[in-house]
Amino acid sequence: MASSAPADETHFIAHKGHFRLFGLTLDDCIKVFFGGNAVISIIVLALITYFLFREGAGFFGDNRRNLEVYRQAGLEYVDFIRAQQDDHAALTRYLSDLRVRQVKFYTQEKKLSLAEANAAVAGFDEFAGQYGDAVDPIRSLVSDLTEQATAIKEKFNVMEDKKTERDQLVAAGQPAAAAKVVVVPVDFVAELKPILGTLPAYRDASADFAKRLAEVVSAAPAMPSLALQDRLERFRQLNAEYLAGFPAVLRNLETWDFRKPVPAAQAFMSFLFGREWLTASFWQDWYGVVPLLVGSIMVSLVALVLAVPLGVGAAIYVNQIASPIEQKFIKPCIEFISAIPSVVLGFFGIAVLGQALRALSQVKALSWVPGFPYSERLNILTAGCLLALIAVPTIFTLAEDALNNVPRSFKEASFALGATRLQTVIRIIVPASLSGIISAVLLGLGRVIGETMVVLLCAGNRIAIPDFTAGLAVITQPVHTMTGIIAQEMGEVVHGSIHYRALFVVGMLLFFLSLAINYAAQRIVRRYRIAIG
Amino acid sequence: MDTLAPAPTPQPPAASVPAVSAPAILPAPAGEILIDIDQVDFFYGASQALHNISLQIQEKKVTAFIGPSGCGKSTLLRCLNRMNDLIDGTRVAKGSIKIRGIDIHRPDVDVIELRKRVGMVFQKSNPFPKSIYENITYGLKLQGVRNQARLDEVVESSLRGAALWDEVKDRLHTSGLGLSGGQQQRLCIARAIAVEPEVILMDEPCSALDPVATAKVEELIQTLRARYTIVIVTHNMQQAARCSDKTAFFYMGKLIEYADTRNIFMNPANPQTEAYVSGRFG
Ligand SMILES: Nc1ncnc2c1ncn2[C@@H]1O[C@H](COP(=O)(O)OP(=O)(O)OP(=O)(O)O)[C@@H](O)[C@H]1O
Ligand SMILES: [Mg+2]
């Protein structure tokens, strides 16, 4: 070892650093080891962030191109007319709903048999049929145009593929082979001509269509009851509004220009505010995050509504009321929930909870509950209940900590003034730990929003914005979530494709959400520390 | 003054306190026995903290508990308003504590009512993390007082009673935690007297205060004794000598000597007391 120095010369305090490794003392080694760990975790975090951003950032450029092609190939043009057709379809559905109501009226109020009821609505059926068939000329026009536009898009895609192939060959140092690749440029002006040429035909068809609808509706049969008549009037009104929109459609078509550039902001907006997430479609892909975001938020909200009272209530009980024996039993039990793998919870959700809740919803006595009875076993409610189970341990543990931090002396002072236990909890303990409890709830929310397996298995995975007009019953509808979509689609997408990048952007959004939630929680806790002193 | 009326006041809330002391000793003169501690043994779980304590505390007097650390002063004090009930496994194994003749451990005694009558000030000042105003009105609001004028009045009178009014009257709605240590302690005293107790228990109320703040609290005790019965635990011999009328000396959970303060300090009957008050042990 190093200390071979003359012992008589050096004072014992000067004896230091017997052990050295690469010139480092033991102390230094320990420092390097732990410091190194800290540095590595920070580097890993930075790498993850960087990677997420690098993969995601390309999305917006891709999406802009995607929207450009949508315009240039004429898909946008066709969709104007298609929207008109779809709106008509919605009105037709309104009529079939009205038919169902009439039959119900005849069978239940008038006590007619089903056959008699059907006979009674025969006139209405004829009317509805005429209304529905009126769209036929428009429909055939749309389907022709669809084919043409798809063909243009296909040509464009082929060109893009060839370009990529050529670029790859060039990059691989094979210019000869690259020169052989034929890239046929798409002449959009020429290609779009036949599509744009249908405008006069559309103008006529549309005018006829409007006339026909007005005719049919004016001859609508009378309804058997006042309430139903009201509905028919409402239909008339809707139809009038629909017809009033025709000139706007025509104007859109007339002024449409495929050369009009797509603003960069639109690539961003169509993601953040897009109401459709549609991938691998034969027509046009949309990457709108709204349905997923709404799904995530709805599921988390339901989870919080259930988990907050449970978690905070349990924390108050354990911290303030329970006997030591109860504490010893309850705390580990609740904390154990967080040890259950979420895939197992998801299993439980599908096999037990989903079934049980649906069975419960079909109990006659509970039909007053909004949304009951329902038939979709996997929906917001099922996923929310399970997520609540996941959030409870987090909320419980952190809220319990917050309650624990309330000085015992507050409690004693309150009791000494003649407060009951309940009064002390409500007026002193909870207010004193409120910010701690709020941050517990926020962290619970963060936990829930990031949870994947349970929502993937139990939320029903229907990519659509739930129908909020249903009121509270909205929670019995299936949704898809941001985490769920990433888990589900990431494995199948082509690496580097726009879809792949879109998923990364969803991941980024999640990342920001969690960051914001955590930041808020920390801010609140800090304020609370200062307040308590 | 209604605070000094005997335990079962005629109002309905007092129904929880049994109407035993029917021989109502209206405006009791100073010196009547208010609290009668009779042969009390007290246990924390299996360990005995008080041994056969018998002690009578007189109305509107200041009684000081002195003794070396761990001798059971706080324990006995906390028995008087049953604060020890909050600690698991404690029990009064033998004997009784009577306030105006009513055994406070009788099953029909409402401990909430008891604590309203026997207020407490703690060693470490502990205002709630609320405004000064809310700190004082807390006890009244618990009793359901909602009348704003009455609350304002009580806030002023309690703060005046605790000699704090002039210092805080302009900041009643700021946090009680923003006061200095001495002010906080007086705020706690004000909070205790706001519910108009009969007895105020003080457990080393000045141990965390500087001499000036201590002097203020002592002065306050002198004025409070006209209206309240005060029991004070202290480690400060001068303080006990200055402010108290009667002094009890405890040692190892036993009451060694209880007499007029002057006697305890000038002329102690027990050699242990003498050794302690003269600073030779403890
Ligand atoms: N919560 C408790 N659990 C168990 N034993 C306790 C508890 N509180 C006090 N004791 C014990 O009871 C005895 C008396 O304690 P107490 O607090 O009454 O002493 P004290 O006279 O107030 O002392 P000090 O002057 O230091 O405040 C001590 O031996 C103490 O260890
Ligand atoms: Mg003590």
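Chain A and chain B bury about 1900 Å² between them. Of that area, 65% is on carbon and sulfur atoms. Keep in mind that this is a predicted model.

Now the head count. Chain A brings 20 residues to the contact. Chain B brings 26 residues.

How many salt bridges does the rule find across the interface of chain A and chain B? The count is 1. The partners are the side chains of B:R78 and A:E412. The distance is 3.3 Å, N to O. As for polar contacts, there are 5 residue pairs between chain A and chain B, with both residues at pLDDT 80 or more.

Which helices of chain A each supply at least two residues to the side that touches chain B? Helix 16, residues 408–416, is one of them. Helix 17, 421–432, and helix 21, 498–532, are the others. Helix 16 gives the most to that side of chain A, with 8 residues. By type, the chain A residues that touch chain B split into 11 nonpolar, 6 polar and 3 charged.

Let me move to the surface of chain A. There is a nonpolar patch there. Its members are A:V39, A:I43, A:L47, A:Y50 and A:F51. Together they have about 500 Å² of accessible area. To place one of these residues, A:Y50 sits in helix 1 of chain A, which runs over residues 26–72.

Last topic: backbone angles in chain B. Start with B:K60. Its phi is near 55°. That is a positive value in a residue other than glycine. Where is B:K60? It lies in the loop between strand 2 (47–58) and strand 3 (62–66) of chain B.

Then B:M252. Phi for B:M252 is near 50°, again a positive value in a residue other than glycine. B:M252 is in a loop too, between strand 9 (246–251) and strand 10 (254–260) of chain B.

To recap the interface: about 1900 Å² buried between chain A and chain B, 1 salt bridge by the rule, and helix 16 giving the most on the chain A side.

Note on methods. Residues are numbered from 1 along each chain as its sequence is written. Chains are lettered from A and ligands numbered from 1 in the order in which they are written. This is a predicted model: local features need pLDDT of at least 70, side-chain atom pairs count only at pLDDT 80 or more; totals for chains, interfaces and linings use all residues. Side-chain values use heavy atoms; hydrogens and water are left out. Contact means heavy atoms within 4.5 Å. Buried area is the accessible area (1.4 Å probe) that two parts lose on being put together, summed over both. A salt bridge is a side-chain nitrogen of Lys or Arg within 4 Å of a carboxyl oxygen of Asp or Glu. A polar contact is a pair of N or O atoms within 3.5 Å; within protein, one must be able to donate a hydrogen and the other to accept it, and residues adjacent in sequence count only if both atoms are side-chain atoms. Helices (H or I, at least four residues) and strands (E, at least two) are DSSP runs, numbered from the N terminus. Ala, Val, Leu, Ile, Met, Phe, Trp, Tyr, Cys and Pro count as nonpolar, Asp, Glu, Lys and Arg as charged, and the others, Gly among them, as polar. Patches are made of residues with over 30% relative accessible area and no salt bridge: like charges are joined within 9 Å, nonpolar side chains (Val, Leu, Ile, Met, Phe, Trp, Tyr) within 5 Å. Accessible areas come from the Shrake-Rupley method with a 1.4 Å probe; for residues, only the protein chains shown count as cover.
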